[in-house]
Amino acid sequence: HRLAKRLGTTSEALAIYDPFFCEGRMKQHMAELGFHNVYNRNEDFYAACTAKKCPEFDVLVTNPPFSTDHIEAIHRFATRSNKPWFLLIPSYCEKQAFYQEWLHNR
């Protein structure tokens with residue numbers, strides 16, 4: 001709610017993007033917290049990026065799959081978006097080269 005206020009909007013209007021559908025409950029969980037403008041669809045995030053069809057958003061909130069290179073890819077997307085982001089990722093990521101590089105170059 002503080003972030004919405006800081007961005008000059010309301011919690012209800014704050015555009016939240018979660019690109020990983022998983023079990024599809026993100027919209028319900030966020031609505032229960034007062035956030036009703038959530039984009040979380042069962043679609044290919046990487047295809048949307050390639051086609052430049054990612055939705056407009058105010059904040060990125062996601063728990064990406066921990067397999068393959070999903071974490072590095074979404075971290076890259078988040079940091080390049082110049083938007084606020086919250087990623088739920090494992091603690092071992094702090095030792096990964098991509099994270100260390102970002103941490104030391106920001």
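Rings of Phe, Tyr and Trp (for Trp, its six-membered ring) form a pair if their centres lie within 6.5 Å; planes under 30 degrees apart count as stacked, over 60 as edge-to-face and the rest as tilted. In this structure, such ring pairs join Tyr-17, Phe-20, Tyr-39, Phe-45, Tyr-46, Phe-57 and Phe-77 into a cluster.

The model is predicted: local features need pLDDT of at least 70, side-chain atom pairs count only at pLDDT 80 or more, and totals for chains, interfaces and linings use all residues. Residues are numbered from 1 along each chain as its sequence is written, and side-chain values use heavy atoms, with hydrogens and water left out.

**Aromatic pairs**

The whole structure contains 11 aromatic pairs. One of them is formed by Tyr-17 and Phe-57, and it is tilted because the ring centres are 5.5 Å apart and the planes stand at 40 degrees. This pair links distant parts of the chain, 40 residues apart: Tyr-17 belongs to strand S1 (residues 16-17), while Phe-57 lies in the loop between helix H3 (45-50) and strand S3 (59-62). Helices (H or I, at least four residues) and strands (E, at least two) are DSSP runs, numbered from the N terminus. Lys-83 sits over the face of Phe-57, 5.4 Å from the ring centre; this requires NZ of Lys or CZ of Arg within 6 Å of the ring centre and within 35 degrees of the ring normal.

**Strands**

Two strands pair if DSSP finds at least two bridges between them. S1 and S3 run parallel and are joined by two bridges, with Ile-16 opposite Val-59 in S3. S3 is also parallel to strand S4 (residues 85-87), with three bridges between them; Val-61 has Phe-86 in S4 as its bridge partner.

**Salt bridges and accessibility**

Side chains of opposite charge can pair when their charged atoms come close. A salt bridge is a side-chain nitrogen of Lys or Arg within 4 Å of a carboxyl oxygen of Asp or Glu. The whole structure has two salt bridges. Glu-23 and Arg-25 form one, at 2.5 Å from N to O. Arg-76 and Glu-72 form another, with their closest N and O atoms 3.6 Å apart; both residues lie in helix H4 (residues 70-81), four residues apart, about one turn of the helix.

The table uses relative accessible area (1.4 Å probe, protein chains only): buried is under 20%, exposed is over 50%, and partly exposed is in between.

| Residue | Relative accessible area | Class |
|---|---|---|
| Tyr-17 | 2% | buried |
| Phe-57 | 8% | buried |
| Glu-23 | 61% | exposed |
| Arg-25 | 45% | partly exposed |
| Arg-76 | 34% | partly exposed |
| Glu-72 | 35% | partly exposed |
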